[in-house]
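This report describes one protein chain, taking its local features in turn. The structure is shown first.

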Amino acid sequence: METETEPSRAKPFLRVLAGEAVWPPPVWLMRQAGRYLPEYRATRTKAGNFISLCTTPDLAAEVTLQPIRRYGMDAAILFSDILMVPWALGQGLRFAEGEGPLLDPIRSPEGIAALNLDGVLAKAAPIFETVRLTRAGLDEHHPKTALIGFAGSPFTVACYMVEGRGSKDFAATRGMAFSDPTSFGRLIRILQDATTEYLVAQVEAGAEALMLFDTWAGLLPPSQFRRWVIEPSAAIARVVRKRCPTTPIIGFPRLAGPMLPDYAARAAVDGVAMDTSMDPRWAAQAVPATMPLQGNLDPLALVAGGAALEAEARSILAAMRGRPFIFNLGHGIIPPTPPEHVAQLMRIIRSA
């Protein structure tokens, strides 16, 4: 008789996160559900706006499943956004066409105190329903595809909350971390607690693995990186692991550079994602062979396709062979990507 855990073990993505060197490696792509797909654009039109898309479970589940139907990736990632946590905390959020996210900036103790930690799970309930619907769809039609839940790590989410929008350097956030570490630390702790509960709720709804995105981690010097990136990520991972002991976590400290081994050793995650700038050959030597790595094709190579795409993909595969590895991009798919180039990449990986 099949045991309860055997279906999960059969999923290549989860086997890698358990430490197995599966070959060919499993593959999924950051932002694999997005604007490059015509079916996504049609669904987005139905939703009316981005927040409505993220909080309408039927539509968000449909978007999550679209690339799985088209390409057969080994993992689906919940369609949502890292800024749904500050939204659930009560911070004003909107997405403006051509401008990206816009938030009401929080730069004072009073603004931090106004955040409502107690209301996060209730406000985010539609997102957990999306997880349930997506898991049911995968179980029925794609039983070897794992479901990833995710959140932004506290530092990266704080960048948007303090700045109020995207930025090249997030100077106000970094300045606050140096000049008022008490207030900044309070904001980080609120995000740490909210993110922990948000991730646990995703697991309870059916997520089989989790990912912590720290997109702006590389803006910090080493001492600040350890304080505001590694320590909060480790605190989240330890609590999630205690409450969800069989759920692996991937950390993505983008632009970590030489801090990557320190993150891998201390952030309490089960796998580490490499960004586009990371030399996978160096990472393979710097990070213990038992630690799964994920990455790290340049999204622009995916736009180019053809021989350039094949050369880049095979170089990464060669560097990672023999260790637990998940093929992915080093950042998200960008809108100009031809869908047929994603199909080409899938053929390259499957034939490795």
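Does Cys244 count as buried or exposed? With a relative accessibility of 7%, Cys244 counts as buried.

## Model and confidence

The model is predicted. Mean pLDDT for the chain is 95, and 97% of the residues reach 70 or more. Over residues 1-5, pLDDT stays under 50. For that stretch the model has 2 contacts beyond four places in sequence.

## Cysteines

The structure holds 0 disulfides. For Cys54, the closest cysteine sulfur is that of Cys159, and a bond is ruled out because the two sulfurs are 20 Å apart, too far for one. A disulfide would require the sulfur atoms to lie within 2.5 Å.

Cys54 is buried, at 1% relative accessible area. Cys159 is also a buried residue, and belongs to helix H10.

Helix H10 spans residues 154-163 and is mostly covered, with 10 of its 10 residues buried. Among them are Phe155, Tyr160 and Met161, as well as Glu163. Gly164 follows H10 and has a positive phi, near 90°.

Strands S2 (residues 93-96) and S3 (residues 100-103) are paired in the antiparallel sense, over 4 bridges. Leu93 has Leu103, in S3, as its bridge partner. The hairpin has 3 residues between the strands, and Gly98 there takes a positive phi near 85°.

## Backbone exceptions

Most residues other than glycine have a negative phi, and most peptide bonds are trans. Several sites depart from this pattern.

A cis peptide bond joins Trp23 and Pro24, with omega about -5°. Pro24 is found in the loop between helix H2 (12-17) and helix H3 (38-47). Arg31 lies in the loop between H2 and H3 as well, and its phi is positive, near 60°. The bond from Gly295 to Asn296 is also cis, with omega near -20°; Asn296 lies in strand S8 (residues 293-297). Ala268 has a positive phi near 65° and sits in the loop between helix H14 (260-266) and strand S7 (271-273). Ala268 is buried, with a relative accessible area of 18%.

## Aromatic pairs and cluster

The structure holds 11 aromatic pairs. One of them is formed by Phe50 and Phe79, edge-to-face, at 5.8 Å centre to centre and 70° between the planes. Phe50 lies in helix H4 (residues 50-54) and Phe79 in the loop between strand S1 (75-77) and helix H6 (84-89), so the pair ties together parts 29 residues apart in sequence. Phe50 counts as buried at 12% relative accessibility, and Phe79 is buried with a relative accessible area of 9%.

Phe128 and Tyr198 form a tilted aromatic pair, with 5.8 Å centre to centre and 55° between the planes. This pair links distant parts of the chain, 70 residues apart: Phe128 is in helix H9 (residues 125-141) and Tyr198 in helix H12 (residues 181-205). Phe128 counts as buried at 6% relative accessibility; Tyr198 is buried at 1% relative accessible area. Elsewhere, Tyr40, Phe50, Phe79 and Phe95 form one aromatic cluster.

## Charges over rings

Two tryptophan rings are considered here. The charged end of Lys123 sits over the ring of Trp87, 4.6 Å from its centre. Over the ring of Trp216 sits the charged end of Arg254, 5.4 Å from the ring centre.

Definitions and conventions:
Residues are numbered from 1 along each chain as its sequence is written. This is a predicted model: local features need pLDDT of at least 70, side-chain atom pairs count only at pLDDT 80 or more; totals for chains, interfaces and linings use all residues. Side-chain values use heavy atoms; hydrogens and water are left out. Two strands pair if DSSP finds at least two bridges between them. Helices (H or I, at least four residues) and strands (E, at least two) are DSSP runs, numbered from the N terminus. Buried means under 20% relative accessible area, exposed over 50%, partly exposed in between (1.4 Å probe, protein chains only). pLDDT is the predictor's confidence in each residue, from 0 to 100. Contact means heavy atoms within 4.5 Å. Rings of Phe, Tyr and Trp (its six-membered ring) pair if their centres lie within 6.5 Å; planes under 30 degrees apart count as stacked, over 60 as edge-to-face and the rest as tilted. A charge sits over a ring if NZ of Lys or CZ of Arg is within 6 Å of the ring centre and within 35 degrees of the ring normal.
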